[in-house]
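Please find below a colleague's note on the structure shown here.

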Amino acid sequence: MPRPGNWIGFPLSRHVAGVILAFSAALPAGCSTPFQMSDAHVTSAVPVTTLGLVAPAGLQGLSPTVSHALTTALSEASPPVRAMPMPELVNRLTDQELAGEYATMLSDVARSGILERERLRRIGAALGSRYVLQPGLADFNQALVDKFELVGLKIVKTRLSTLRLWLQLWDAQTGHLLWESTGEMTVAAPVLMQESTVALDEIARTLWSRMIKNDLLGARGGSSPCP
């Protein structure tokens, strides 16, 4: 998991030098670059395997909402990215007796931030995917503050919601971390009623979308290092 010290604003990102991030059909033989973007592919949907979301123990209950927001953000990207539905992913691994290894791999990455190479290779092969996305929820907190409004001379309670996410791209064959991005977003909303809540799914979808658009697909204009 990315170090907490990386959180210095939104959006935050780190690109691996020499990697042109995109999703296209196939690479020329002998080319080690994982992706190559061209105008011919910007309107076509492309498949990608997204692993289960990693979250601290106290936030694991939010995983389904944040994971669904990522699936939506990927489908709305340009080009759109088709994420394998989680039931299909789990069933494939179960049929090949790899569900236990998959659970262990996610548990390990939550502690160390590393996907173990051999385990990742077996799981990638079972899913028929060389490249996988590993999402993570770093933090979600809310606070109530009093905001003074000059109009009407009144104090309005405001709920501040801060969400921190991270996303990594891994090569399942080599076990290499190719790219990662971290993002933070704070939303302020007036508390009109005591039971007022914040739409976490919408915050997460917006943050995922910005990370995908600005970082994952933002290298579209680059040139491929392949000959």
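1. A salt bridge is taken here as a side-chain nitrogen of Lys or Arg within 4 Å of a carboxyl oxygen of Asp or Glu. By this criterion the structure holds ten salt bridges. In general terms, side chains of opposite charge can pair when their charged atoms come close.

2. On the basis of the note: this is a predicted model, in which local features need pLDDT of at least 70 and side-chain atom pairs count only at pLDDT 80 or more, while totals for chains, interfaces and linings use all residues. Residues are numbered from 1 along each chain as its sequence is written, and side-chain values use heavy atoms, with hydrogens and water left out.

3. The protein chain comprises five helices and six strands. These are DSSP runs numbered from the N terminus, helices being H or I with at least four residues and strands being E with at least two. Read from the N terminus, the order of elements is β-β-α-β-α-α-α-β-β-β-α.

4. Of the 227 residues in the protein chain, 44% count as buried. Buried denotes under 20% relative accessible area, exposed over 50%, and partly exposed in between, with a 1.4 Å probe and protein chains only. The protein chain exposes about 11700 Å², of which carbon and sulfur atoms supply 55%; accessible areas come from the Shrake-Rupley method with a 1.4 Å probe, and for residues only the protein chains shown count as cover. With contact defined as heavy atoms within 4.5 Å, 71% of the contacts between residues at least 6 apart in sequence join residues at least 24 apart.

5. Glu-101 takes part in two of the pairs described here. Its side chain meets that of Arg-119 in a salt bridge at 3.5 Å, N to O. Because Arg-119 lies in helix α4 (residues 117-127) and Glu-101 in helix α3, this pair ties together parts that are 18 residues apart in sequence. Arg-119 is buried, with a relative accessible area of 18%, whereas Glu-101 counts as partly exposed at 23%.

6. The side chains of Arg-122 and Glu-101 also meet in a salt bridge, at 2.7 Å, N to O. Arg-122 is in helix α4 and Glu-101 in helix α3, so the pair ties together parts 21 residues apart in sequence. Arg-122 counts as partly exposed at 37% relative accessibility. A network of salt bridges links Glu-101, Asp-108, Arg-111, Arg-119 and Arg-122.

7. A further salt bridge joins the side chains of Asp-171 and Arg-130 (2.9 Å, N to O). This pair links distant parts of the chain, 41 residues apart: Asp-171 is in strand β5 (residues 154-171), and Arg-130 is in the loop between α4 and β4 (131-149). Asp-171 is buried at 4% relative accessibility, while Arg-130 is partly exposed at 30%.

8. Which residues of α1 are buried? They are Ser-63, Val-66, Ala-69, Leu-70, Ala-73 and Leu-74. These residues cover an arc of only 135° around the axis, which puts them on the same side of α1; the arc is that of the directions from the helix axis to the C-beta atoms. On the other side of α1, Pro-64 and His-68 are exposed.

9. A cis peptide bond, with omega about 5°, joins Ser-78 and Pro-79; Pro-79 is placed in the loop between α1 (63-75) and β3 (81-83). Glu-97 has a positive phi, near 55°, and is in the loop between α2 (86-95) and α3 (99-112). Glu-97 is exposed, with a relative accessible area of 73%.
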